[in-house]
Amino acid sequence: RIPFHAIRRGAATPSRTAQNQFRRPHIGRKPRPQQASGIGKRGRLLKHPPVDNRSVAIDRRMCYEEIKRMVGLARQAPYVFEEELPENINGVYDEETRIIVIAPRLNERQKRCTLTHELFHWTHGDTCCWKQYDDKAESYVRKETAILLINPFEYIQSERIYEGELFPMAVDLNVTVGVLEDYRQILENATKMVGAVFCPNHQD
């Protein structure tokens with residue numbers, strides 16, 4: 001530790017060497033660089049990192065009104081309101097004005113999924129909502145929405161009860177059929193990846 005009296009304005013202080021748990025210098029490697037704020041492991045893996053300081057504390061147990069209430073408490077939160085939209089659009093997010101619009105014709109289950117979806121677009125700062133999202137950005141957001149809103153254990157239980165029927169499963173899990181289909185696609189892709197690792201094709 002550097003003595004307090006040795007620290008003077010303009011005085012040079014000795015540099016510290018990276019140490020391990022035994023307080024000995026690391027040998028043969030440099031200290032790990034500090035990670036940039038706002039871009040965590042999840043963002044690097046998805047290659048679609050969230051914007052700094054944009055997050056909302058929500059989980060799958062919340063209903064539409066609870067999620068909307070939590071948005072109002074978030075830092076730099078977008079403004080959420082309901083207004084009539086074209087028939088083929090359930091919700092939109094505009095990055096320039098930071099506004100999320102939800103179609104009032106939707107039921108509570110649909111509004112819940114739509115708001116969560118648009119919140120992920122806000123989190124990532126996606127800018128082309130009013131026309132057409134970038135295909136990769138939209139794909140990432142749909143995956144994140146499905147993973148957040150569906151509990152894997154509840155999914156297994158619901159699939160057994162309703163024998164894989166999409167609509168009753170979606171109602172039981174409080175999501176839309178589209179979100180449920182996205183979740184199934186994630187499971188199928190994961191199964192294929194596991195199969196490719198443990199059962200490679202050998203050519204003689």
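A residue is called buried when its relative accessible area is under 20%, exposed when the value is over 50%, and partly exposed in between. The model is a predicted one.

The protein holds seven helices and three strands. Read from the N terminus on, the elements follow the order α-α-β-β-β-α-α-α-α-α. Among contacts with a separation of 6 or more, 49% involve residues 24 or more positions apart.

Strands of a sheet pair through backbone hydrogen bonds, and the pairing can be parallel or antiparallel. Here the three strands build an open sheet in the order E1-E3-E2, with mixed pairing. Strand E1 (79–82) and strand E2 (91–94) sit at the edges, each pairing on one side only. From one strand to the next, the twist averages 15°.

Each of the two pairings can be followed in turn. E1 runs parallel to strand E3 (residues 99–102), and four bridges connect them. Within this pairing, Tyr-79 has Ile-99 of E3 as its bridge partner, while Val-80 is partnered by Ile-100 of E3. E2 and E3, in contrast, run antiparallel and are joined by four bridges. In E3, Ile-100 also stands opposite Tyr-93. The hairpin of E2 and E3 has four residues between the strands, and in this hairpin Arg-98 adopts a positive phi near 55°.

Charged side chains come next. Side chains of opposite charge can pair when their charged atoms come close. In this model, the count of salt bridges comes to five. One of them is formed by the side chains of Arg-54 and Glu-95, with an N to O distance of 2.9 Å. This pair links distant parts of the chain: Arg-54 belongs to the loop between helix H1 (41–46) and helix H2 (64–73), whereas Glu-95 belongs to the loop between E2 and E3, 41 residues apart. Are the two partners buried or exposed? Both Arg-54 and Glu-95 are buried.

A further salt bridge joins Asp-182 to Arg-142, whose closest N and O atoms are 2.7 Å apart. Because Asp-182 is in helix H7 (residues 177–198) and Arg-142 is in helix H4 (residues 135–149), this pair ties together parts that lie 40 residues apart in sequence. Asp-182 counts as buried because its relative accessibility is 16%, under the 20% limit. Arg-142 has a relative accessible area of 39%, so this residue is partly exposed.

Helix H7 also contributes to another such pair. The side chains of Arg-184 and Glu-159 meet in a salt bridge, at 3.9 Å from N to O. Since Arg-184 lies in helix H7 and Glu-159 in helix H5 (residues 152–162), the two tie together parts that are 25 residues apart in sequence. Glu-159 has a relative accessibility of 32% and therefore counts as partly exposed.

H5 packs against helix H6 (residues 166–173) at an angle of about 140°, and their axes are 9 Å apart. On the H5 side, the contact involves Glu-154, Tyr-155, Ser-158, Glu-159 and Tyr-162, which meet Pro-168, Met-169, Asp-172 and Leu-173 in H6.

H2 and helix H3 (residues 108–124) pack at an angle of about 30°, with 8 Å between their axes. Because angles under 35 degrees count as roughly parallel, H2 is described as roughly parallel to H3. The residues making this contact are Tyr-64, Ile-67, Lys-68 and Val-71 from H2, together with Glu-108, Lys-111, Arg-112, Leu-115, Thr-116 and Leu-119 from H3.

How values were computed: Residues are numbered from 1 along each chain as its sequence is written. This is a predicted model: local features need pLDDT of at least 70, side-chain atom pairs count only at pLDDT 80 or more; totals for chains, interfaces and linings use all residues. Side-chain values use heavy atoms; hydrogens and water are left out. Two strands pair if DSSP finds at least two bridges between them. Axes are lines fitted to C-alpha atoms, for helices over the stretch in contact, and angles run from 0 to 180 degrees between N-to-C directions. A salt bridge is a side-chain nitrogen of Lys or Arg within 4 Å of a carboxyl oxygen of Asp or Glu. Buried means under 20% relative accessible area, exposed over 50%, partly exposed in between (1.4 Å probe, protein chains only). Contact means heavy atoms within 4.5 Å. Angles under 35 degrees count as roughly parallel, over 145 as roughly antiparallel, 65 to 115 as roughly perpendicular and the rest as oblique.
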